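Dear colleague,

Please find the structure we discussed below, followed by my notes on what turned up in it.

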Amino acid sequence: MISKISLGLMLASALLTSLPAKAQIAPIQDQVQKPKVFFLEDQPFGDDDKQTLDIYLPSYPINTKNRPAILMVHGGAWTFGDKSDSIFTSNKLSRWVPNGMVFASTNYRSINRVKPDDQARDVAKAIALVQRKMLAWGGDPSNVILMGHSSGAYLTSLLAANPQMAFEQGAKPWLGTIAVNPIGLDTVNLMQNDSNYAERDAFGADQNYWASVSPMHVMQASASPVLLVCSIIETPDNCATSEAFKLKGQGLARSTEIIKLELDEFDMIDTLGLSSQYTNIVEGFIYKLFKNNPVNKQ
């Protein structure tokens, strides 16, 4: 299933997942009987009906000190998709929530109403809402992991590349970003060479705008790591742009890791959370972020 993974990442992740998680995160267990999950639906972070998120909380007090949270940003060509779609939520929340993590899934306004940079600002407001709630949930605002898929991965990558966009919307530094099938990392190159109708609808014809919302072009120095999960069988080749993103990040002292999969864009997100080497490596990345956060060492 996994065709190419850097050996260093594989070894580091195997080591991390074999270590105890310092009691704040429960060991992942494949339980036959899953505990119930508290579901908080349509929590608003703005006035628009799409500016809402769903929150899934563990139903019992498991490892409540500095609990981490994952905020999922759905894909859908910047136009459709929903926070409740099972492809984005089901396997993730059933694996991670019973083991002590908060899982949230957010909507954002469509490009029928706003441009992609405003969609990213919607996501930033969702981050801010989750962070404001973390103490009440037994967590810490810094222990939020941002995760996105496809166009949602573009939005998370844009915020990861230029976190000032998120800070301006009330978000605080978050633990790290996981972008699954990230399209448009180099938005200028995409629009000049490989754009489809959805991308042309999203980004229009203004080349100056392309550059202003291109994660590659607006990248700033940041201590928040990024994990890019790309497919070697999809076109255009987002593994090549992932490598370019990582290379540019190195010049800014940014930490970027890449997983390369022989999966299509839908299986990449749907199977994440199922028992697999792929899920184990993503969890290794999460545990490494959690372990390295000074808040969790206190």
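Val213 sits in the loop between helix 8 (207–212) and helix 9 (215–218), where helices (H or I, at least four residues) and strands (E, at least two) are DSSP runs, numbered from the N terminus. With a relative accessible area of 2%, Val213 is buried; here buried means under 20% relative accessible area, exposed over 50%, and partly exposed in between (1.4 Å probe, protein chains only). Leaving aside neighbours within four places in sequence, Val213 is in contact with Asp117, Tyr154, Leu158, Thr187 and Phe203, a contact being heavy atoms within 4.5 Å. The C-alpha atoms of Val213 and Lys115 are separated by 9.9 Å, although the two are 98 residues apart along the chain.

Before going further, please note that this is a predicted model, in which local features need pLDDT of at least 70 and side-chain atom pairs count only at pLDDT 80 or more, while totals for chains, interfaces and linings use all residues. Residues are numbered from 1 along each chain as its sequence is written, and side-chain values use heavy atoms, with hydrogens and water left out.

As for the overall picture, the protein has twelve helices and nine strands, and 57% of its 298 residues count as buried. Among contacts between residues at least 6 apart in sequence, 77% join residues at least 24 apart.

The largest nonpolar core has 41 residues, of which Val130, Leu159 and Phe203 touch the most other members; such a core is a set of buried Ala, Val, Leu, Ile, Met, Phe, Trp, Tyr and Cys residues joined through side-chain atoms within 4.5 Å. Helix 3 (residues 116–133) supplies the largest share of this core, with eight residues. A second, separate core of 29 residues includes Tyr56, Phe88, Val180 and Ile259. Not counting residues up to four places away in sequence, Val130 touches Leu53, Ala69, Leu71, Ala104, Trp137 and Val144. Helix 3 itself is largely enclosed by the rest of the structure, because 13 of its 18 residues are buried. Its end C-alpha atoms are 26 Å apart, which agrees with the 26 Å that its 18 residues should span at 1.5 Å a residue, the expected span being 1.5 Å times one less than the number of residues.

Strand 4 (67–73) is mostly covered, with seven of its seven residues buried. Arg67, Ala69, Leu71 and Val73 point one way from strand 4, whereas Pro68, Ile70 and Met72 point the other way. Strand 4 pairs in the parallel sense with strand 6 (residues 139–149) over six bridges, and two strands are taken to pair if DSSP finds at least two bridges between them; in strand 6, Gly148 is the bridge partner of Val73. Strand 4 also runs parallel to strand 5 (residues 102–106), to which five bridges join it, and there Phe103 is the bridge partner of Ile70.

The loop between strand 4 and helix 2 (86–96) holds Lys83, which is buried with a relative accessible area of 4%. Leaving aside neighbours within four places in sequence, Lys83 is in contact with residues including Asp42, Asp54, His74 and Asn107. Trp78 is found in that loop between strand 4 and helix 2 as well; Trp78 has a positive phi of about 65 degrees although it is not a glycine, and at 2% relative accessibility it counts as buried.

The structure holds one disulfide, defined as a pair of cysteine sulfur atoms within 2.5 Å. This disulfide joins Cys230 to Cys239, with an S to S distance of 2.1 Å, and the torsion about its S-S bond is about 105 degrees, so the disulfide is right-handed. Cys230 is buried at 0% relative accessibility, and Cys239 is buried at 4%.

The peptide bond from Thr235 to Pro236 is cis, with omega near -5 degrees, and Pro236 lies in the loop between strand 8 (226–231) and helix 10 (238–250). Ala253, in the loop between helix 10 and strand 9 (256–261), has a positive phi near 60 degrees and counts as exposed at 68% relative accessibility.

With best regards
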